[in-house]
Amino acid sequence: MLKINRLLSVLMIMVGCLISVYANANDKITVVLDWFLNAGHQSLLAAQYSGAFQRHGLDVELIAPADPSTPPRLVAAWQGDLAISYPIQLGMMVDQHIPLMQVGSLLDTPLDTLITNGTIKSLKELKGKKIGVAIAGDQHAILGTMLESAGLSLSDVQLVNVNFQLEQALMTGAVDGVIGAGRNYELIDLQQRKIPVSFFYPEQYGVPNYDELIFITRPDKAKDPKIARFMQALKEGNAYLQTHSDEIFNKAIKDHPELNTPLNKAAWQATLPLDSKDPGKIDQPKIQKYIDFLMKKGVIHQQHPFLDYAVQTKE
């Protein structure tokens, strides 16, 4: 009887330890990035280094994709909890009935920029010129709208698919301009290289304002409480970042030495005002206006309920 009591006591202690371990274990969240780790992900790094994710009981893993076009499909295929993507990509996928939706934003200001060689001073001068695009089809609506503001159309330019080699195509003279380059990265790099360029922001030439980088997930995950906790932690991380940017950058380059370059340091500072201050906020009028723009431009072909595109998470 004594042995049985001792055995029961040991089992109760073991069960108690297991309960304690699981109670204290953080929930795992896997985030598939849109590209290699860069300044655009500074809020995520800040949430890690400031302890915000830990405080909200989260263990967040950031994964850089081998192919920047695959993150949404990886999440749709249950190979990640969240993906960082673009509104235009989400719009096309919803139109194809791929089960994905927006649950937050990382950068709530456009990065997209039309960059041309320095001899071009206005959009009107693009007539007859070659324009490089990263992915055929994705940028047509934005470029076409910009050209319309100058009395031109897509038929007035020659589109060249440069397959993400935007800077190289422009520097070598293979094209006269590129659309889809980032104002916080490629533009800065070209300027640091002393290459004469002109640049034009889409939102100043008829394109509705939109969130550049968004978080998307499967509809069944959208209301998962840990997603809401993630957004709150990210909000806290960004608040810390805005007042401790050098500290976070120094920690980032220690863990990721490839970021320790003049370009990335400049990009880091340029991105700070673009970070979403409230990542979990879904701005329905802003999103709806962009969806309507995509419909008007033929990027998406069917009318879908707003809740097919985005949902507000709450902790």
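Trainee: Rings of Phe, Tyr and Trp (its six-membered ring) count as a pair if their centres lie within 6.5 Å, with planes under 30 degrees apart called stacked, over 60 edge-to-face and the rest tilted. Which residues form one aromatic cluster by that rule?

Mentor: W35, F36 and Y185 do. Keep in mind that this is a predicted model, where local features need pLDDT of at least 70 and side-chain atom pairs count only at pLDDT 80 or more, while totals for chains, interfaces and linings use all residues. Residues are numbered from 1 along each chain as its sequence is written, and side-chain values use heavy atoms, with hydrogens and water left out.

Trainee: How many aromatic pairs are there?

Mentor: The count is 10 aromatic pairs. One of them is F200 with Y205, edge-to-face at 6.0 Å centre to centre and 75° between the planes.

Trainee: Why quote both a distance and an angle?

Mentor: Because a pair of aromatic rings is described by the distance of the centres and the angle of the planes.

Trainee: Is F200 buried or exposed?

Mentor: F200 is buried, at 5% relative accessibility, whereas Y205 is partly exposed at 26%. Buried means under 20% relative accessible area, exposed means over 50%, and partly exposed is in between (1.4 Å probe, protein chains only).

Trainee: What about F215 and F230, how do they pair?

Mentor: They are edge-to-face, with 5.4 Å between centres and 80° between planes. F215 is in strand β10 and F230 in helix α10 (residues 225-243), so the pair links distant parts of the chain, 15 residues apart. F215 and F230 are both buried.

Trainee: How are helices and strands assigned?

Mentor: They are DSSP runs numbered from the N terminus: H or I of at least four residues for helices, E of at least two for strands. The protein has 13 helices and 10 strands.

Trainee: Which charged groups sit over rings?

Mentor: R183 lies over the face of Y201, 3.8 Å from the ring centre. The charged end of R218 sits over the ring of W78, also with 3.8 Å to the centre. The rule asks for NZ of Lys or CZ of Arg within 6 Å of the ring centre and within 35 degrees of the ring normal.

Trainee: New topic. How many salt bridges does the structure hold?

Mentor: There are 11, a salt bridge being a side-chain nitrogen of Lys or Arg within 4 Å of a carboxyl oxygen of Asp or Glu. K28 and E61 form one of them, at 3.2 Å from N to O. K28 lies in strand β1 and E61 in strand β2 (residues 58-63), so the pair ties together parts 33 residues apart in sequence. K28 is partly exposed at 40% relative accessibility, and E61 is partly exposed at 34%.

Trainee: And what does R55 pair with?

Mentor: R55 forms a salt bridge with E236, the closest N and O atoms being 3.4 Å apart. R55 is in helix α3 (residues 52-55) and E236 in helix α10, so this pair ties together parts 181 residues apart in sequence. R55 is exposed at 54%, while E236 is partly exposed at 27%.

Trainee: Which residues are linked in a network of salt bridges?

Mentor: D81, K221 and D224.

Trainee: Where is H41?

Mentor: H41 is in the loop between β1 (27-32) and α2 (42-49). H41 is buried, with a relative accessible area of 0%. Leaving aside neighbours within four places in sequence, H41 is in contact (heavy atoms within 4.5 Å) with L33, D34, W35, F36, I84 and L106.

Trainee: Which side chain does the H41 side chain make a polar contact with?

Mentor: That of D34, at 2.7 Å. A polar contact is a pair of N or O atoms within 3.5 Å; within protein, one must be able to donate a hydrogen and the other to accept it, and residues adjacent in sequence count only if both atoms are side-chain atoms.

Trainee: Why is helix α5 said to be largely enclosed by the rest of the structure?

Mentor: Because nine of the nine residues of α5 (residues 87-95) are buried. Their cover includes α4 (71-76), β3 (82-85), β4 (101-107), β10 (213-217) and α13 (284-296). Just after α5, H97 takes a positive phi of about 65°.

Trainee: What share of the protein's residues is buried?

Mentor: Buried residues make up 51% of the 315.
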